[in-house]
Amino acid sequence: QVQLAESGGGLVQAGGSLRLSCAASGSIFSINAMAWYRQAPAKQRELVAVITKGGATNYADSVKGRFTISRDNAKNTVYLQMSSLKPEDTAVYYCNVLMSKTYWGQGTQVTVSS
C-alpha cells in the first residue's frame with residue numbers, strides 16, 4: 001500500500017506565495033511521473049503541473065511562469081512552489097503519483113484572497 005502525505009496549503013493574499021509538498025511512503029518501487037492537480041468549487045479537476053522521473057516538466061497555461069514543480073527522488077517527494085498567486089488559483093490541490101498504478105493524496109486547500 002502507498003500513502004501520500006500532502007502539506008503546505010493555507011490562506012494567502014493575492015500576489016503571495018505558498019509551497020506544497022507531497023511525500024510518498026509505503027510499498028514504493030519505482031515512481032514514474034509525479035503531478036499536482038487542482039479542483040475548484042463546481043469545476044472539474046485539472047492538471048496543474050507534472051514532472052517525469054527524469055525531471056521533464058509540463059504546466060497548465062494558467063500557471064506557467066508562476067508555479068514550479070520539483071521532486072526529490074531520494075525522499076519520494078514532489079513539491080509545488082506557487083508564486084504570484086491569484087484568487088482564481090483557489091482550489092483543493094491534489095498530489096498524484098504514477099507507479100504501476102496511480103495514487104492520489106487527500107488534497108490540501110489553497111485559498112487566495114483578493
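Predicted model: local features only at pLDDT ≥ 70, side-chain atom pairs only at ≥ 80, totals over all residues.

Which pattern does the protein chain follow, read along the sequence? I got β-β-β-β-β-β-β-β-β-β-β, with 0 helices and 11 strands. Both are DSSP runs, numbered from the N terminus: helices are H or I with at least four residues, strands are E with at least two.

Residues are numbered from 1 along each chain as its sequence is written, and side-chain values use heavy atoms, leaving out hydrogens and water.

Next I checked burial. Of the 114 residues, 41% count as buried (under 20% relative accessible area; exposed is over 50%, partly exposed in between, with a 1.4 Å probe and protein chains only).

Then I went after salt bridges (a side-chain nitrogen of Lys or Arg within 4 Å of a carboxyl oxygen of Asp or Glu). I found 4 of them.

D89 pairs with R38 at 3.0 Å, N to O. D89 sits in the loop between β8 (77-82) and β9 (91-98) and R38 in strand β4 (residues 34-39), so this pair ties together parts 51 residues apart in sequence. I noted both D89 and R38 as buried.

R66 also bridges to D89, with the closest N and O atoms 2.7 Å apart. R66 is in the loop between β6 (57-59) and β7 (67-72), 23 residues from D89. Shared partners join R38, E46, R66 and D89 into one network.

Last one: K64 bridges to D61 at 3.1 Å between the closest N and O atoms. K64 is partly exposed at 49%, and D61 is exposed at 65%.
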